[in-house]
Amino acid sequence: MIERIGKRLHSEGGMSIAEVMIAALILAVSSLAVLNLVASGARTNYRAEQSQVVSDRLQSEVEKIKQLANNAGYEQIALAAAPMHSTDLNDPAYRVSGSTYNVQPTGSLFRSFVVDPGGFQPVSQFTSGDVHGTIRRFVVWEPDSACEDCKKRVIVAIQLDATASGGARHYQELQAVIADPRAPERENPVPPPPSDPKPWSFWLTDSPCNNADRQPLTGDHLTHNTRGICSTGLKNANNCSASGCQPGAPDLMVAHPPVLSAEDPLFNFATDVLSSNPSQDKGLRLLRPASNGCPLLDIPAGADLVDPQRYQEIHKWLSPPIPSGFNVQLNGEGTLNLWTRAVGNSPYSGRICIWLFQRAVNDLGVPVDTPAANLDVSGLTYFQYSKSPWPKPKWEELAIPLHFDLALLTPGSQLGLAIQVERQGTNGGGLQFFYDEPSYDSRLEVKSASLLPCGVASWPSCP
């Protein structure tokens, strides 16, 4: 027995090749996990460093500007030149509109720029250690009923450069209202306006506008042909023939949200539009037009032989007619909230054309659509919105600012909205939109200081 044990102790046998390979694999996997943790920790630490640098720099920039007022340099709190509008949604200058700036990151509140040759530059670069970025400054007049031109609002925004460690970061901003310390208060302050602009919201529905109010959803259906007038009622592919497709009633916009119910939020509003993923593609799917660009807004159409599928490319909604006794003047500020995602659950770019318009009847009894002017881009009567990639796979709500000029909404006229997918800028299987359901409450909000027709006869109540 003792001799056998001795032989074992002096044996030169070791691990087999298989055991060595398994051990090496375990070591490699463990090392990768540790390296991933280290890399993730480094990214987290770097992003935290970026956030701290931005916070400190924003505070420092605003404090420097405040000191100008304390040192008798209030006139220097101005921009040497007015910033230009940017089409990049991730650029603070996207909120520039002509000689005004939207001081609300979400929503609309435009103020006029303060410009003076002795002011500071709107844009500069900065570096702090390994953190780099762009500083953007905006100075606007801040109205005050107690004095005239005695307050300025300063907005400082920092946009960090994209890096491999920190990725692309959304810009951060800091605002401050600075009063002129030398300005005397008026003995008789100017009274505030009689009423502040009130938001007026319209929820998009799946009900044709020959109805007075929203109708309950009934299930999947063909695309509504919304290119006609309300009195024509519901039209779809069943109303197409060799002579063209008959235009039908636009869908309805109502001033109250859809109520909670047992309705399925994923009804298919366009069963006639082919889908590569029928179980996922729901709501309204719009085809891309054959040509690029945003065309003129369609007039209320007759049968269309030139493009029989046009009704599957553009969709319209109308509010109920403005009732007698009301004249509504919109103040030009609005937001379109759209629930949307890409068709086919694939990542690709998307772009849409948006029209805000007034429908009225001329002296001959013919409906006429007058599109609102886009005040952000001179000469345009439509709005464009791009996103790359377009949201997928989940539905995502987009908030699209609208800055417009629209005529007075007089009794009998209607507020309208139209949406089209733009071919140029959109690839892949197209875009889809959902609405008329509490969880997917796509809606249009405009503002007005006028008396709004809420709860009166023939007009649905407002929330």
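Which residue stands opposite Glu445 in strand 22? In this predicted model, the answer is Thr335. Residues are numbered from 1 along each chain as its sequence is written, and side-chain values use heavy atoms, with hydrogens and water left out. Because the model is predicted, local features need pLDDT of at least 70 and side-chain atom pairs count only at pLDDT 80 or more, while totals for chains, interfaces and linings use all residues.

The protein has two helices and 22 strands; helices (H or I, at least four residues) and strands (E, at least two) are DSSP runs, numbered from the N terminus. Strand 22 (residues 443-448) has strand 8 (residues 198-208) as an antiparallel partner, with six bridges between them; two strands pair if DSSP finds at least two bridges between them. In strand 22, Leu444 stands opposite Phe202. Strand 14 (residues 330-342) also runs antiparallel to strand 22, and five bridges join the two.

Of the 463 residues, 44% count as buried, where buried means under 20% relative accessible area, exposed over 50%, and partly exposed in between (1.4 Å probe, protein chains only). Among contacts (heavy atoms within 4.5 Å) between residues at least 6 apart in sequence, 76% join residues at least 24 apart.

Now to the cysteines. A disulfide is a covalent bond between the sulfur atoms of two cysteines; here the pair of cysteine sulfur atoms must lie within 2.5 Å. A search of the whole structure finds three disulfides. One of them joins Cys209 to Cys230, with 2.0 Å from S to S, and is left-handed, at -110 degrees about the S-S bond. Both Cys209 and Cys230 lie in the loop between strand 8 and strand 9 (240-241), so the link ties together parts that are 21 residues apart in sequence. Cys209 and Cys230 are buried.

Another disulfide joins Cys240 to Cys245, and this link is right-handed, with 110 degrees about the S-S bond. Are these two cysteines buried or partly exposed? Cys240 counts as partly exposed because its relative accessibility is 28%, whereas Cys245, at 10%, counts as buried.

A disulfide also joins Cys294 to Cys353, again with S to S 2.0 Å. The torsion about its S-S bond is about -85 degrees, so the disulfide of Cys294 and Cys353 is left-handed. This pair links distant parts of the chain, 59 residues apart: Cys294 is in the loop between strand 12 (284-286) and strand 13 (314-318), and Cys353 is in strand 15. Cys294 and Cys353 are buried.
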